Amino acid sequence: MEIMVFFTLLLLVCSVSTNQTEADNEIVDQQISNQQPCPQDIHAVLREMAVSLALQTERITVLQKENQDQAAKLKEMERQKTDINQLKLQSKEQAAKLETEIDQLKLQSEEQVAKLETEINQLKHELQVKQVAFSVSLLDQGYGYAGPYNTHMTLIFKHVVTNIGNAYNPHTGIFTAPVRGTYHFDWKVYGNGNIPAGAVLFRNGEYIFIAYEHPTSGWVSASNGASLLLEVGDQVSVSLCAGAKIFDNQSHHNTFSGHLIFTM
Ligand SMILES: *[C@@H]1O[C@H](CO)[C@@H](O)[C@H](O)[C@H]1NC(C)=O
């Protein structure tokens with residue numbers, strides 16, 4: 001543009017300087033065609049301008065090309081920026097999702113640990129409870145008779161040899177099941193003279209079996225055993241039969257034993 005203006009101005013200057021008469025014009029035309037120097041030598045100027053113009057055009061072309069390249073690069077960068085933003089968003093979402101999952105897993109594992117602890121404690125308790133065995137005899141010192149009485153009388157075996165699990169009470173003579181299961185019991189009584197020696201095994205007041213002997217003279221003993229399914233809290237004891245009489249001393253003739261065989 002500037003070049004065009006300059007060019008026009010130049011022409012104007014040349015024409016003003018020569019625009020005096022038509023004759024003058026002819027002279028000027030002649031001068032130009034003869035390549036006589038115009039005051040400014042217009043042909044030389046035009047050549048210079050043409051060269052300059054060509055250079056400028058070339059430069060513009062280069063700049064345009066650079067501009068296009070830059071525009072393409074910019075476009076590509078914008079596309080990449082969009083991609084990056086999308087990726088950022090995706091990774092944020094995934095991070096949030098992962099955090100949620102981790103929290104859930106934490107919660108689950110905490111719950112499982114608590115559950116396992118509870119189970120372990122239960123198993124420990126059961127294991128402790130599962131160890132049940134006792135063996136006792138009637139007198140813990142001296143000697144003496146028990147009976148006869150008009151009714152059944154619970155025998156309190158005071159001499160404790162074994163009482164694992166403390167399920168037998170030496171103050172009441174009663175065994176209480178600490179866990180549901182099958183238990184085995186044995187008992188034996190010892191007497192003399194012509195009076196019966198006998199004792200009955202009871203579960204919760206229910207008559208189970210009897211051990212009984214009726215001597216006419218001398219010493220006799222009677223024994224029996226039973227396996228019972230007991231619920232937790234069931235009570236088992238041995239009662240002297242009504243009218244029976246037994247003797248015990250430190251030889252420990254009258255005994256009562258019980259064991260848990262297995263839980264159920
Ligand atoms: C216990 O009594 C029986 C029967 O009378 C007798 O044989 C035994 O020697 C007595 N035992 C003791 C330790 O006194």
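1. His-252 sits in the loop between β12 (246–248) and β13 (255–263). Its phi is positive, at about 60°, although the residue is not a glycine. Most residues other than glycine have a negative phi. Please bear in mind that this is a predicted model, and that the phi of about 60° at His-252 is a value computed from it.

2. Is His-252 buried, exposed or in between? Its relative accessible area is 24%. Buried means under 20% and exposed means over 50%. His-252 is therefore classed as partly exposed.

3. A positive phi also occurs at Asn-166, where the value is near 50°, again in a residue other than glycine. Asn-166 belongs to the loop between β4 (159–164) and β5 (168–169). Because its relative accessibility is 63%, Asn-166 counts as exposed.

4. The peptide bond between Gly-147 and Pro-148 is cis, with omega about 0°. Most peptide bonds are trans. As for location, Pro-148 is in the loop between β2 (144–146) and β3 (153–154).

5. A ligand oxygen atom lies 2.3 Å from an N or O atom in the side chain of Asn-249. A ligand nitrogen atom lies 2.7 Å from an N or O atom in the side chain of Ser-251. On its own the ligand has 360 Å² of accessible area, and the protein covers 47% of that area.

6. Asn-192 is part of strand β7 (residues 181–192).

7. Where does strand β1 (residues 133–137) stand in terms of burial? Four of its five residues are buried, so the strand is mostly covered. β1 runs antiparallel to β4, to which five bridges join it. Within that pairing, Ala-133 has Ile-164 of β4 as its bridge partner.

8. β1 also runs antiparallel to β13, and five bridges join these two strands. Here Ser-135 stands opposite Ser-257 of β13.

9. Some totals for the protein chain follow. The chain has three helices and 13 strands. Of its 264 residues, 25% count as buried. The accessible surface comes to about 18100 Å², and carbon and sulfur atoms account for 56% of it. Among contacts between residues at least 6 apart in sequence, 73% join residues at least 24 apart.

Key: Residues are numbered from 1 along each chain as its sequence is written. This is a predicted model: local features need pLDDT of at least 70, side-chain atom pairs count only at pLDDT 80 or more; totals for chains, interfaces and linings use all residues. Side-chain values use heavy atoms; hydrogens and water are left out. A polar contact is a pair of N or O atoms within 3.5 Å; within protein, one must be able to donate a hydrogen and the other to accept it, and residues adjacent in sequence count only if both atoms are side-chain atoms. Accessible areas come from the Shrake-Rupley method with a 1.4 Å probe; for residues, only the protein chains shown count as cover. Buried means under 20% relative accessible area, exposed over 50%, partly exposed in between (1.4 Å probe, protein chains only). Contact means heavy atoms within 4.5 Å. Two strands pair if DSSP finds at least two bridges between them.
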